[in-house]
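Me: Could you take a close look at the salt bridges here and walk me through them?

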Amino acid sequence: MLLTGSWKSTTFKEYNFSIPAEEVNGGQLHPLLKVRQEFREIFMELGFQEMDTQHWVESCFWNFDSLFIPQQHPARDVQDTFFISKPATSTLTNRTLVKEVKETHEKYFRSEWKEEEACRNVLRTHTTGTSAYTLHRLSQMSEKLPDGTVNFRPGRYYSIDRVFRNEEMDKTHLCEFHQCEGFVVDHDISLAKMMHTFDLFFRRIGVERLRFKPAFNPYTEPSMEIFGYHTGLQKWIEVGNSGLFRRELLRPLGLDDSVSVMAWGLSLERPTMIKYGISSIHELFGHRVDINFIKRSAIARF
């Protein structure tokens, strides 16, 4: 019409500006991303620094051995952990740290510690290995006093990233999920202070009913499991694990007995399920997610 000029003699329908326009889908943030950002803002307000967790493949040394988990522990079996075939192993370059960890394992577990086992690569089962690496790096950066102790500066650190576990999937479990990891390093940290910190944090994200259950972890003592009440499921579900790092873990990393570290690993999916009233984790993360649910979900403001 433009080339022939026929538009000059053509009658066009009048444009109706009162008709509602077609809705434009500008994209929506996934509820997990919204809650993750809320977590980050809360941690920042509490004075935490974010750790670098931009790698999913970890050596068994940092994923298990540095955390005082024995090489015979069932969590290191193929039934619970995804092992990498290419590359299958890593090279442990810090020989001083390797020697300290080896001596600690052989002293307390009374069994031979094998470096070839520590060199195996896995999809990380948690981000606690990053906490151990950060603590070791902080100890190396700290001033060494004449009496051999470390002039360690207190600090707070956190991370939120993906982890992988070879476990059976159900309404509250997946093989791939997000872990919110954090620790506070200071002097004379008590169990009561740790419970108070968790209570403050979870109230900020809308989980007001908490329970603490004594538990066992190879690398923390005392240890506690954290449960939040899910109104949709009408039951308590585990949202995290916590405890004070053992001395056997801290000493090889270069920290003396005057330093205490309280650490925790919290699920990102389960608090989100409680917040949005989701009964199955498959409706939140994975191929079963309903796109309409994401569009309807308002940005979380706790």
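Reply: Let's start with the term itself: a salt bridge here is a side-chain nitrogen of Lys or Arg within 4 Å of a carboxyl oxygen of Asp or Glu. Side chains of opposite charge can pair when their charged atoms come close. Keep in mind that this is a predicted model, where local features need pLDDT of at least 70 and side-chain atom pairs count only at pLDDT 80 or more, while totals for chains, interfaces and linings use all residues. Residues are numbered from 1 along each chain as its sequence is written, and side-chain values use heavy atoms, with hydrogens and water left out.

Searching the whole structure turns up twelve salt bridges. One group to look at is a network of salt bridges that links Asp-65, Arg-76, Glu-117 and Arg-120. Within it, the side chains of Asp-65 and Arg-76 meet at 3.0 Å, N to O. That pair links distant parts of the chain, eleven residues apart, with Asp-65 and Arg-76 each in the loop between α2 (60–63) and α3 (95–109). Helices are DSSP runs of H or I with at least four residues, strands are runs of E with at least two, and both are numbered from the N terminus. Both Asp-65 and Arg-76 are buried; buried means under 20% relative accessible area, exposed means over 50%, and partly exposed is in between, using a 1.4 Å probe and protein chains only.

Lys-99 and Glu-103 both lie in α3, four residues apart, or about one turn of the helix, and their side chains form a salt bridge at 2.7 Å, N to O. Lys-99 has 47% relative accessibility, so it counts as partly exposed, and Glu-103, at 40%, is partly exposed too.

Helix α6 (residues 191–204) holds Asp-199 and Arg-203, again four residues apart, about one turn of the helix. The closest N and O atoms of their salt bridge are 3.2 Å apart. Asp-199 is partly exposed, with a relative accessible area of 24%, and Arg-203 counts as partly exposed at 44%.

One more arginine to click on is Arg-124, found in the loop between β3 (121–123) and α5 (128–141). Arg-124 counts as buried because its relative accessibility is 0%. Leaving out residues up to four places away in sequence, Arg-124 touches several residues, among them Glu-58, Asp-161 and Arg-162, where contact means heavy atoms within 4.5 Å.
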